[in-house]
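Look over the sequence and the structure below. The report then takes up salt bridges, the fold, the pocket and the surface.

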Amino acid sequence: MSKVQEQPAAREKPPRRRNKAFDETHTALIETAVRLVSEKGMEALSLSEVAREAGVNRTTIYYHFDSREALVEAVRTWSARQLAAAFAPDRSREDRTRYIVRFVIENPEVIGLWAEEFLSPGSIADRYPEWEGLVAGMREQLASRPETAGIDAEAYCTLMLTWAMLGPRVYRNSVRSDLPKEEAIERMTQAQIGLLRLHGIESV
């Protein structure tokens with residue numbers, strides 16, 4: 001009776017190693033996608049177009065993103081990180097406010113994509129990495145003043161974030177489209193800071 005020869009166990013493929021060149025190319029592809037979205041809208045975004053604009057072949061871009069959906073998700077994550085950077089502790093309130101206003105005005109299509117995420121069911125904390133810290137800080141500030149102590153911090157932050165994301169875009173597109181971009185950014189920045197001061201909010 002012959003013995004059945006055992007087959008050697010299949011070896012798992014080692015994970016791909018990401019080196020500096022890979023990371024640089026990955027970032028360049030995302031930034032190219034962001035630029036195309038801002039210039040032409042989400043409908044025009046494709047892997048082949050991003051590859052062509054970035055100067056890489058299609059094999060390379062598929063090594064980084066296996067589908068258009070994966071690229072869109074990377075753009076969404078990139079925008080979240082850019083906005084989270086606005087809350088870095090080494091920035092002044094005015095710098096943070098101006099950063100957000102500029103980002104919204106210069107990347108309207110990307111903000112539109114991100115706004116869709118906000119409107120969808122699910123936890124906002126999964127999409128906006130600074131949410132918990134923002135609410136905690138705001139709760140402390142609201143509680144420090146008798147006239148604001150009864151305001152729900154989460155509700156206030158929801159309104160504040162919506163205002164920050166949509167306000168500059170509406171102002172630029174529908175209210176004062178005649179203004180130069182830099183003037184629109186400055187006016188919206190100062191208006192937002194003025195409202196925060198009016199409400200006794202010392203930081204964002």
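R52 forms a salt bridge with E49, and the closest N and O atoms are 2.3 Å apart. A salt bridge here is a side-chain nitrogen of Lys or Arg within 4 Å of a carboxyl oxygen of Asp or Glu. Side chains of opposite charge can pair when their charged atoms come close. An α-helix has 3.6 residues a turn, so residues three or four places apart point the same way.

The two partners differ in cover. R52 counts as exposed because its relative accessibility is 54%. E49 counts as buried because its value is 13%. Buried means under 20% relative accessible area, exposed means over 50%, and partly exposed is in between (1.4 Å probe, protein chains only). The buried residues of α2 are L47, E49, V50 and A51. After α2 comes G55, with a positive phi near 75°.

## Basis of the model

This is a predicted model, in which local features need pLDDT of at least 70 and side-chain atom pairs count only at pLDDT 80 or more, while totals for chains, interfaces and linings use all residues. Residues are numbered from 1 along each chain as its sequence is written, and side-chain values use heavy atoms, with hydrogens and water left out.

## Overall fold

The chain has nine helices and zero strands. From the N terminus on, its elements run α-α-α-α-α-α-α-α-α. Helices (H or I, at least four residues) and strands (E, at least two) are DSSP runs, numbered from the N terminus. The chain holds 204 residues, and buried residues make up 37% of them.

S79 is found in helix α4 (residues 68-85). S79 counts as buried because its relative accessibility is 1%. Y171 lies in helix α8. At 15% relative accessibility, Y171 also counts as buried. Y171 and M188 are 17 residues apart in sequence, and their C-alpha atoms are 7.9 Å apart.

How many salt bridges does a search of the whole structure find? The count is 14. One of them joins the side chains of E106 and K181, at 2.8 Å from N to O. E106 lies in helix α5 (residues 93-106) and K181 in helix α9 (residues 181-198), so the pair ties together parts that are 75 residues apart in sequence. E106 counts as partly exposed, at 32% relative accessibility. K181 counts as partly exposed too, at 30%.

E183 forms a salt bridge with R187, and the closest N and O atoms are 2.8 Å apart. Both lie in α9, four residues apart, about one turn of the helix. E183 counts as partly exposed at 32% relative accessibility, and R187 does so at 39%. Elsewhere, E94, D95, R98 and E186 are linked in a network of salt bridges.

## The largest pocket

Rolling a probe the size of a water molecule over the atoms shows where empty space is left. The largest pocket holds about 260 Å³ of space. Of its 14 lining residues, F118, L119, I124, T158 and T162 are the closest to its centre. On a 1 Å grid over the protein atoms alone, a pocket is an open set of points where a 1.4 Å probe fits, with protein on both sides within 12 Å along at least five of seven lines; lining residues have an atom within 4 Å of a point. Grid points are joined across faces, edges and corners, and a volume is the space filled by probe spheres set on the points.

Helices α6 (108-119) and α8 (153-175) each supply at least two residues of this lining. The largest share, five residues, comes from α8. By type, the lining divides into eight nonpolar, four polar and two charged residues. Ala, Val, Leu, Ile, Met, Phe, Trp, Tyr, Cys and Pro count as nonpolar, Asp, Glu, Lys and Arg as charged, and the others, Gly among them, as polar.

## A nonpolar surface patch

L166, V170 and V175 form a nonpolar patch on the surface, with about 240 Å² of accessible area together. Patches are made of residues with over 30% relative accessible area and no salt bridge; nonpolar side chains (Val, Leu, Ile, Met, Phe, Trp, Tyr) are joined within 5 Å, like charges within 9 Å. Accessible areas come from the Shrake-Rupley method with a 1.4 Å probe; for residues, only the protein chains shown count as cover. V175 lies in helix α8. V175 counts as exposed because its relative accessibility is 51%.
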